[in-house]
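Thanks for coming. Please have a look at it first.

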Amino acid sequence: MEKSKKPTIFFAIPCGEFFNFQKRIIEDVCNAFKIEYLIIEDNTVTDFLWKKITDGIDNSDYFIADISSKSPNIILE
């Protein structure tokens, strides 16, 4: 019998005062339901950041974005 693959979710959440709170909730829920998750936390300016984000989205089963803050970065993702 083949072992089923865990679903993967890429989360785009805005940095700011609620980032750590949102991240902790995502981690707790995903761990409880055995879901792989990816949150790009790299705050440094690099040429590779956009590639990390687009690869993360492309390689995930689902993509969830919190656009409630109207953050241009999150909306772009």
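Thr8 is buried, with a relative accessibility of 16%; buried here means under 20% relative accessible area, exposed means over 50%, and partly exposed is in between, with a 1.4 Å probe and protein chains only. Before going on, a word on where this comes from: the model is predicted, local features need pLDDT of at least 70, side-chain atom pairs count only at pLDDT 80 or more, and totals for chains, interfaces and linings use all residues. Residues are numbered from 1 along each chain as its sequence is written, and side-chain values use heavy atoms, with hydrogens and water left out.

Back to Thr8. The residue sits in strand β1, residues 8–12. Helices (H or I, at least four residues) and strands (E, at least two) are DSSP runs, numbered from the N terminus. What is Thr8 in contact with, leaving aside its neighbours within four places in sequence? The partners are Glu36, Ser60, Asp61 and Tyr62, where contact means heavy atoms within 4.5 Å.

Now the sheet. Three strands make an open sheet with parallel pairing, in the order β2-β1-β3. Two strands pair if DSSP finds at least two bridges between them. At the edges are β2 and β3 (62–65), each pairing on one side only. From one strand to the next, the twist averages 25 degrees. Between β1 and β2, which run parallel, there are four bridges. Ile9 has Tyr37 in β2 as its bridge partner.

Helix α1 lies across β1 and β2, and runs at about 165 degrees to β2. For angles, axes are lines fitted to C-alpha atoms, for helices over the stretch in contact, and the values run from 0 to 180 degrees between N-to-C directions.

Next, charges. Side chains of opposite charge can pair when their charged atoms come close. How many salt bridges does a search of the whole structure find? The search gives three, a salt bridge being a side-chain nitrogen of Lys or Arg within 4 Å of a carboxyl oxygen of Asp or Glu.

One of them joins the side chains of Lys6 and Glu36, at 3.4 Å from N to O. Lys6 is in the segment before β1 and Glu36 is in strand β2 (residues 36–39), so this pair ties together parts that are 30 residues apart in sequence. Lys6 is partly exposed at 39%, and Glu36 is partly exposed at 38%. Glu36 is also among the contacts of Thr8.

Another pairs Lys23 with Glu27, again through side chains, at 3.4 Å from N to O. Both residues lie in helix α1 (residues 19–32), four residues apart, which is about one turn of the helix. Lys23 is buried, with a relative accessible area of 17%, whereas Glu27 is partly exposed at 22%.

There is also a salt bridge between Lys51 and Asp55, with the closest N and O atoms 3.1 Å apart. Lys51 and Asp55 are separated by about one helical turn, because they are four residues apart in helix α2 (residues 49–58). Asp55 is partly exposed, at 29%.

Last, the cysteines. Cys15 is exposed, with a relative accessible area of 52%, while Cys30 is buried at 3%. With a disulfide taken as a pair of cysteine sulfur atoms within 2.5 Å, the count is zero.
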